[in-house]
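Biologist: I am new to this structure, and I would like to go through it slowly, asking what stands behind each term. Could you show it first?

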Amino acid sequence: MAQSKDAHAVRRGWFISVEGIDGAGKSSHITAMAEALEQQGHAVVLTREPGGTALGEKLRALLLHDEMDALSETLLAFAARRQHLREVIVPALARGASVVCDRFTDATFAYQGAGRGVELSCLQQLEQWVQGDWEVPAGPLATAPSTALLEPDWTLWFDVPAEVAAARLHNAREPDRFEAQARTFFERVAAGYAKRAQAQPQRWIRIDSNLEREAVRAQVLAALQARGVLTKES
Ligand SMILES: Nc1ncnc2c1ncn2[C@@H]1O[C@H](COP(=O)(O)OP(=O)(O)OP(=O)(O)O)[C@@H](O)[C@H]1O
Ligand SMILES: Cc1cn([C@H]2C[C@H](O)[C@@H](COP(=O)(O)O)O2)c(=O)[nH]c1=O
């Protein structure tokens, strides 16, 4: 029987991003999430933004430690992202691996957009330039390769009040340039995430991170199981 060309096409893996204000507690769960995927037979690339490539890690050091204006921050975040897509994310998805990314473009909309006040139209233009021209196989949620913006299939958003996050970070480590920001900055960033989540509810998974670590972990697993990313035995 003749088969369509699509029947032989490689399907790409999951593209999952993880977001939240600094101190939300996401790092505590990302490795466990990647391990759970691996245990169920997925090849997984665990990576982060800014970073994930040699250039990206240099840009990360600048972003986290050097003073600069908000537009410079935005441009560096997108430059790191472009290289990350070229070297790591797109090749991984193309060979069928899943990508778990500690922050992606939603962080730029939340931190530089809502936090610093960079214009939405500027962020949207950069997003289109950086994420708009990749050819990757269809994702697990799609029936055909998409020519639209390359963005995560799922975004786990660790939501916690700014004062709880600040209390968690207090004395936890030497603060970087973002972690040293005032509470009001993180309230704006949190509102920025909430707005993004409201605009694209099909992609966003809100995790109530204002709970004991074990309860947060249970929510993460349940959310991924409910969406068929993980099977029940994880
Ligand atoms: N559920 C929790 N309850 C209490 N403390 C927590 C919880 N989760 C994480 N922490 C603690 O809060 C601090 C920040 O956690 P973590 O580094 O995982 O946050 P993060 O969201 O990854 O932050 P950042 O984005 O700044 O790296 C750490 O000291 C961690 O041990
Ligand atoms: C991708 C991205 C990140 N940031 C900020 C957010 C955090 O404060 C740091 C990264 O630190 P983490 O410990 O890895 O969470 O960078 C940003 O401002 N804009 C971005 O696009």
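**The shell around ligand 2**

Modeller: Helix α4 gives the most residues to the shell around ligand 2, namely four, where helices (H or I, at least four residues) and strands (E, at least two) are DSSP runs numbered from the N terminus. This is a predicted model, in which local features need pLDDT of at least 70 and side-chain atom pairs count only at pLDDT 80 or more, while totals for chains, interfaces and linings use all residues. Residues are numbered from 1 along each chain as its sequence is written, and chains are lettered from A and ligands numbered from 1 in the order in which they are written.

Biologist: Which residues come nearest to ligand 2?

Modeller: A residue is near a molecule if its C-beta atom, placed from the backbone, lies within 6 Å of it; of the 13 residues around ligand 2, A77, A107, T108, Y111 and F178 come nearest.

**Two helices**

Biologist: Why are α3 and α4 called roughly antiparallel?

Modeller: The axes of α3 (residues 70–94) and α4 (residues 105–115) come within 11 Å and cross at roughly 175°. Axes are lines fitted to C-alpha atoms, for helices over the stretch in contact, and angles run from 0 to 180 degrees between N-to-C directions. Angles over 145 degrees count as roughly antiparallel, under 35 as roughly parallel, 65 to 115 as roughly perpendicular and the rest as oblique, and α3 and α4 are therefore roughly antiparallel to each other. Their contact is made by A70, E73, T74, A77, F78 and R81 of α3 together with T105, T108 and Q112 of α4, two residues being in contact if their C-beta atoms, placed from the backbone, lie within 7 Å.

Biologist: What makes G20 count as buried?

Modeller: A residue is buried if 20 or more other C-beta atoms lie within 10 Å of its own, exposed if 12 or fewer, and partly exposed in between; G20 has 25 C-beta neighbours inside 10 Å and therefore counts as buried. G20 is found in the loop between β1 (15–19) and α1 (27–39), and, not counting residues up to four places away in sequence, G20 touches K26, W157, F158, D159, V160 and S209.

Biologist: Is G23 buried or exposed?

Modeller: G23 has 23 C-beta neighbours inside 10 Å, so G23 counts as buried. The place of G23 is in the loop between β1 and α1. UniProt, in an unreviewed entry, lists both G20 and G23 among the residues of a "binding site", although such annotations may be inferred rather than shown by experiment.
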